[in-house]
Amino acid sequence: MAIYSPKQVPSRSQKKGGRPNILDKLISTLQRRKKQTPPFRPPTITTGTQRVWKLKRFSKTTMLFIGLAFALLVAFWLSSQLLIRSDIFRLTDLRISGTHTTTERQIFELAGLQRGESLLQFNTKAAEARIAAHPWVEQVKINIQWPSALEITVREYQPFALVNIEDPKAKTKRLRYVDREGHVFAEVGQGQELDYPVITGALLPKDIGANVFVKGGLADAACSVLLLAAKGNAILPIQSVSEVHIDQQQGLIVYLIDRPFPVYFGKDRLQTKYFRLVKVLEQLYAKKQVDAVKEIRMDYSDDKILVTGAKIDG
């Protein structure tokens, strides 16, 4: 008869062939779960005294943080005031360039500057916006050269022609300048230059937008004709063009300075018509028949030009 310890007692399954039965599996699973389950810990009970102590500790930390932040804020404010009042950052050198129609005094006043003012308080973006609002200013750039210098560079619009804009509501006309890109800017003031060709006629919203000629509109077409003349052709230079009238039905009608007859351009093929007109005028000047001309119709047909009052070849 064999004697076994509890660890050595063979299970029934071992007795029957070494195969574990369901009871053995259940016991093994319970034993593993017992090992994995953390021991029970009773909940921590916070007494009233502990709560008060924690609240006081939190309040002290918060007050310390607030006091430190306030001290830093006061120190920063005092430092900034000392720097603002310091002579180091006071404006002593101001340079303004690019002014022609505008004056340095106008730009200086628009910038909102005063000599001796601290540059630490100067807002460059706001000053640029005020200067750019001037009708003659196309672009402006302000550079601060620390610690006490300021440079303002202005680029003005360059007049190319005049445009007579009609205001149907007020029933008035305003003569304004326009540049090569079709930007409409300042109104013509007393004593200002007027020796430019004038674009006249009724301009519709499809012709002019927010102070700029709309691409493809009749105002833009008038500007294109003037740009062709500005290339310096000896027969038809821009100096010889007095007016480009806009007619919503007939298109462009060009008038020359020393000739009273109209030249009807129409609305399309402007470059081709311009160079054909140059050839027609060249023949008229050569044959001394230009004084007899009553009108020239460049829009007569695609391949023909109608000259009333004079005879030319072709």
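**Aromatic cluster, cores and backbone of a predicted model**

Good morning. Trp136, Tyr157, Tyr177, Phe185 and Tyr196 form one aromatic cluster.

Across the whole structure, a search finds seven aromatic pairs. One of them is formed by Tyr157 and Phe185, whose rings are stacked, 4.6 Å centre to centre with 15 degrees between the planes. Tyr157 belongs to the loop between strand S3 (149–156) and S4, while Phe185 belongs to strand S6 (residues 184–187), so this pair ties together parts that are 28 residues apart in sequence. Both Tyr157 and Phe185 are buried.

What is the geometry of the pair formed by Tyr177 and Tyr196? Their ring centres are 6.1 Å apart and their planes stand at 90 degrees, so this pair is edge-to-face. Here too the pair links distant parts of the chain, for Tyr177 is in strand S5 (residues 172–178) and Tyr196 is in the loop between S6 and strand S7 (198–201), 19 residues apart.

I turn now to the nonpolar interior. In soluble globular proteins, nonpolar side chains tend to be buried together. The largest nonpolar core in this model has 43 residues, and Phe213, Leu252 and Ile296 touch the most other members. Which elements give two or more residues to this core? They are strand S4 (161–167), helix H6 (218–229), strand S8 (241–247), strand S9 (251–256), strand S10 (262–266) and helix H7 (270–286). Helix H6 gives the most, with nine residues. Apart from this core lies another one, of 16 residues, including Phe122, Ala127, Ile131 and Leu150.

Phe213 deserves a moment of its own. Leaving aside neighbours within four places in sequence, Phe213 is in contact with Val163, Val178, Gly182, Val184, Ile199, Asp207, Ile208, Ala219, Asp220 and Cys223.

Next, the empty space inside the protein. Rolling a probe the size of a water molecule over the atoms shows where empty space is left. Here the search of the whole structure finds one cavity of 30 Å³ or more. The volume of the largest cavity is about 40 Å³. Which residues line it? The lining consists of Val225, Ala229, Leu236, Val241, Val254, Leu256, Phe265, Tyr274 and Leu277. H6, S9 and H7 each supply at least two residues of that lining.

Arg297 lies over the face of Tyr264, at 3.9 Å from the ring centre.

Let me move to the backbone. Most residues other than glycine have a negative phi, and most peptide bonds are trans. Pro147 lies in the loop between S2 and S3. That loop, between strand S2 (137–145) and S3, also holds Ser148. Ser148 counts as buried because its relative accessibility is 17%, which is under the 20% limit. Not counting residues up to four places away in sequence, Ser148 touches Ile88, Arg90, Leu91, Thr92, Asp93 and Leu119.

Two residues call for a remark on phi. Arg269 is not a glycine, yet has a positive phi of about 50 degrees; Arg269 is placed in the loop between S10 and H7. Lys288 likewise has a positive phi, near 55 degrees, and is found in the loop between H7 and strand S11 (295–297). Are these residues buried, partly exposed or exposed? Arg269 is partly exposed because its relative accessibility is 34%, while Lys288 is exposed because its value is 74%.

Finally, the protein as a whole. There are seven helices and twelve strands. Of the 314 residues, 32% are buried. Among contacts between residues at least 6 apart in sequence, 47% join residues at least 24 apart.

Thank you for your attention.

Conventions. Residues numbered from 1 in each chain as written. Predicted model: local features only at pLDDT ≥ 70, side-chain atom pairs only at ≥ 80, totals over all residues. Heavy atoms only, no water. Core = buried A, V, L, I, M, F, W, Y, C linked by side-chain atoms within 4.5 Å. Buried < 20%, exposed > 50% of the residue type's maximum accessible area, 1.4 Å probe, protein only. Helix = DSSP H or I, 4+ residues; strand = E, 2+ residues; numbered from the N terminus. Contact = heavy atoms within 4.5 Å. Phe/Tyr/Trp six-rings, centres within 6.5 Å; stacked < 30°, edge-to-face > 60°. Lys NZ or Arg CZ within 6 Å of the ring centre and 35° of its normal. 1 Å grid on protein atoms, 1.4 Å probe; cavity = no way out; pocket = protein on both sides within 12 Å on 5 of 7 lines; lining within 4 Å. Points joined across faces, edges and corners; volume = space filled by probe spheres on them.
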